Amino acid sequence: MATPARAQELNLTYSSPGNVQDASTNHENEQEQIRLHELLKEAEVQYSNNNIRKAKELYLEAAQRGNLTAKGFCYFLAIGQTKDANKAMECWQESARLGDLAGVTELGVCYAYGNEVQQDKKKAFELYSQAASQGYAKAQYLLGHCYKKAIGTEQDKKKAAELFAKASSQGFSAAQNELGNCYYNGVGVKLDKKKAAERYLQAASQGHIKAQYNLGVCYERGEGVDQNKKKAVKLFALAASKHLAAAQCNLGVCYARGVGVDQDPQKAIEMYKLAADQGNSKAQYNLAACYSNGVGVPQDKRKAVELYSQAAYQGHTPALFSLGVCYDNGSGVPQNKYKAAELFAQAADCGHAKAQYYLGVYYENGEGVKQDKERAAILFEEAASQGFSGEQAEGKGCLQM
């Protein structure tokens with residue numbers, strides 16, 4: 001389907017209500033509405049699957065055929081014209097006024113995020129509820145998130161799972177993936193890794209990127225499916241090719257370890273860099289470890305500190321500990337026992353066994369903190385309860401998936 005060569009206003013006309021039409025015209029209009037509904041549904045699926053180009057084509061086609069909700073997306077996503085969030089909002093308001101469930105839902109999204117209106121999460125919840133009660137899949141999915149995260153309503157994880165299931169039964173891939181998450185983590189439903197994998201497969205087969213990644217994790221760990229490292233790598237690669245940082249990171253670990261694929265340290269570095277550039281803390285940590293130890297890249301302690309710092313800033317516990325070790329040793333950064341103690345304490349508070357042990361040593365010797373042998377003993381005991389002893393203190397960190 002053709003896309004305009006340059007940005008311009010869409011010349012769309014809309015039928016006036018109340019026109020008297022014969023039976024054949026009514027039938028044609030009914031078929032057209034069904035077609036428009038299917039176009040919008042497919043556009044939503046493609047957008048959810050991050051296939052933005054295809055979604056835009058579908059929204060444009062629906063808009064050119066007179067659908068107000070689709071026209072709103074054309075304004076909002078700058079499809080065939082310049083971006084105009086205010087006009088998008090006007091389209092969705094009018095669409096909602098006319099009772100179009102897609103318009104009601106998108107108006108809810110505007111209130112949820114404060115797009116061209118004052119943010120009102122309760123109003124968003126009400127609009128989602130209105131459309132969801134009439135069976136609109138996207139609204140059911142969004143309403144499920146409201147219940148899951150207490151957005152505009154009280155938290156009800158069971159209700160959230162029920163709504164994800166309703167939207168999932170209509171083939172809405174984002175809901176299938178989210179229902180998979182519910183089963184995987186036991187949120188609102190009984191924990192069931194097999195059902196989780198089944199839902200991930202449903203969504204992944206439609207091209208849902210996160211579901212492809214999640215299914216890859218199931219195959220990598222043998223959770224809900226027979227363990228198959230090669231399938232895991234294929235799924236990680238598929239999601240990674242669509243720029244999902246978590247998948248890029250996991251694919252990097254597979255290349256680093258030779259899991260399901262031939263070992264390739266340089267390929268691992270390439271994947272870590274792609275994910276780290278997107279702010280993935282695990283990839284930043286893994287890449288830092290590579291620079292620290294000279295694996296796949298020339299050793300660069302300063303670069304390692306830079307990357308550990310990026311991951312630690314996001315609260316990544318192993319990175320907090322590793323950065324503390326850098327300050328403890330003066331590796332890639334001037335030695336600073338006080339800073340090291342601070343970082344060990346942050347990681348120890350998160351239950352990191354090595355950090356508990358190292359901080360115990362600091363308290364025992366009065367390094368970076370006031371000497372406190374009782375506190376040291378408590379920390380040693382906490383580390384030991386996780387199976388960590390002093391003999392393991394010099395071990396290298398593990399790559400993070």
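Two residues are in contact here when they have heavy atoms within 4.5 Å of each other. With that in hand, take the fold as a whole: among contacts in the chain between residues at least 6 apart in sequence, 46% join residues at least 24 apart. What you're looking at is a predicted model, in which local features need pLDDT of at least 70 and side-chain atom pairs count only at pLDDT 80 or more, while totals for chains, interfaces and linings use all residues. Residues are numbered from 1 along each chain as its sequence is written, and side-chain values use heavy atoms, with hydrogens and water left out.

Start with the secondary structure. The chain has 20 helices and zero strands; helices (H or I, at least four residues) and strands (E, at least two) are DSSP runs, numbered from the N terminus. Taken along the principal axes, the box filled by the C-alpha atoms comes to roughly 90 × 45 × 40 Å. Of the 401 residues in the chain, 48% are buried, where buried means under 20% relative accessible area, exposed over 50%, and partly exposed in between (1.4 Å probe, protein chains only).

Now the surface and the charges.

Gln 46 sits in helix H1 (residues 23-48) and is buried, at a relative accessible area of 12%. Beyond its neighbours within four places in sequence, Gln 46 is in contact with Asn 51, Ile 52, Lys 54, Ala 55 and Leu 58. Asn 49 is in the loop between H1 and helix H2 (52-64), and although it's a loop residue, Asn 49 is buried at 4% relative accessible area. What does Asn 49 touch, not counting residues up to four places away in sequence? The list is Ser 173, Gln 206, Gly 207, His 208 and Ile 209. The side chain of Asn 49 also reaches the backbone nitrogen of His 208 at 3.5 Å.

Most residues other than glycine have a negative phi. Ala 78, though, has a phi near 55°; this alanine lies in the loop between helix H3 (68-76) and helix H4 (85-97) and is partly exposed, at 36% relative accessibility. His 243 has a positive phi as well, near 75°. You'll find His 243 in the loop between helix H12 (229-240) and helix H13 (245-257), and at 57% relative accessibility it counts as exposed.

What about the cysteines? A disulfide is taken as a pair of cysteine sulfur atoms within 2.5 Å, and by this rule the count comes to zero. Cys 110 shows why: the closest cysteine sulfur, in Cys 91, is 11 Å from its own sulfur, too far for a bond. Cys 110 is also buried, with a relative accessible area of 2%.

Move on to helix H11 (residues 209-221), where Glu 220 lies. Is Glu 220 buried or exposed? It's buried, with a relative accessible area of 12%. Its side chain makes a polar contact of 3.2 Å with the side chain of Lys 229; a polar contact is a pair of N or O atoms within 3.5 Å, where within protein one must be able to donate a hydrogen and the other to accept it, and residues adjacent in sequence count only if both atoms are side-chain atoms. Leaving aside neighbours within four places in sequence, the contacts of Glu 220 are Gln 227, Lys 229, Ala 232, Phe 236 and Met 401.

Leu 235, in helix H12, is buried too, at 13% relative accessibility. Not counting residues up to four places away in sequence, Leu 235 touches Gln 212, Leu 215, Gly 216 and Tyr 219.
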